[in-house]
Amino acid sequence: MKTRIRELRQKNKITQEELAEAVGVTRQTINSIEREKYTASLVLAYKIAKYFNLSIEEVFDFSEVEEI
């Protein structure tokens, strides 16, 4: 799943480590999400979006998710 996490981190001058610590995961998890190797859980997506004061949809791209 595509995200704007890297862009938002760079804009706010935040490292992967700093974001990871703020949302309670490892730096490797943030790295994997940014590289689209791992999809964040709903709770983690919420925490990341809240950290940047944005909605989940503003951080994560759901356009490729299949509708039911």
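Okay, let's start with E34, which sits in helix α3. Helices here are DSSP runs of H or I, at least four residues long, numbered from the N terminus. Before I go on, this is a predicted model, so local features need pLDDT of at least 70 and side-chain atom pairs count only at pLDDT 80 or more, while totals for chains, interfaces and linings use all residues. Residues are numbered from 1 along each chain as its sequence is written, and side-chain values use heavy atoms, with hydrogens and water left out.

Back to E34, then. Is E34 buried or exposed? E34 counts as buried, because its relative accessibility is 8%. The cut-offs are under 20% relative accessible area for buried, over 50% for exposed, and partly exposed in between, with a 1.4 Å probe and protein chains only.

So what does E34 touch, not counting residues up to four places away in sequence? The list is T3, I5, R6, R9 and Q16, where contact means heavy atoms within 4.5 Å. Two of those come with polar contacts between side chains: R6 at 3.4 Å and Q16 at 2.8 Å. By polar contact I mean a pair of N or O atoms within 3.5 Å; within protein, one must be able to donate a hydrogen and the other to accept it, and residues adjacent in sequence count only if both atoms are side-chain atoms.

Okay, the rest of α3. Its buried residues are T29, I30, N31, I33 and E34, and they pack against α1, α2 and α4. T29 has a side-chain polar contact with the side chain of T26, at 3.0 Å. Leaving aside neighbours within four places in sequence, T29 also contacts Y38 and L44.

Now α2 against α3. Their axes are 8 Å apart and the packing angle is about 110 degrees. For that, axes are lines fitted to C-alpha atoms, for helices over the stretch in contact, and angles run from 0 to 180 degrees between N-to-C directions. That makes the two helices, α2 and α3, roughly perpendicular, a label for angles of 65 to 115 degrees. On the α2 side we have Q16, E17, L19, A20 and V23, meeting R27, I30, N31 and E34 of α3. Sorted by class, that contact has four nonpolar, two polar and three charged residues.

E36 has a positive phi, near 65 degrees, and is not a glycine. With 43% relative accessible area, E36 is partly exposed.

Next up is α4, residues 42–51, where L44, A45, I48 and A49 are buried. Down the axis of α4, those buried residues fall within an arc of 135 degrees, so they line one face of the helix. The arc is that of the directions from the helix axis to the C-beta atoms. What covers them? The cover includes α1 (5–11), α2 (16–23), α3 (27–34) and α5 (56–59). On the face turned away from the buried side, α4 carries the exposed residues L42, V43 and K50.

Last stop: N53, in the loop between α4 and α5. N53 is another non-glycine with a positive phi, about 60 degrees, and at 70% relative accessibility N53 counts as exposed.

Technical notes: Angles under 35 degrees count as roughly parallel, over 145 as roughly antiparallel, 65 to 115 as roughly perpendicular and the rest as oblique. Ala, Val, Leu, Ile, Met, Phe, Trp, Tyr, Cys and Pro count as nonpolar, Asp, Glu, Lys and Arg as charged, and the others, Gly among them, as polar.
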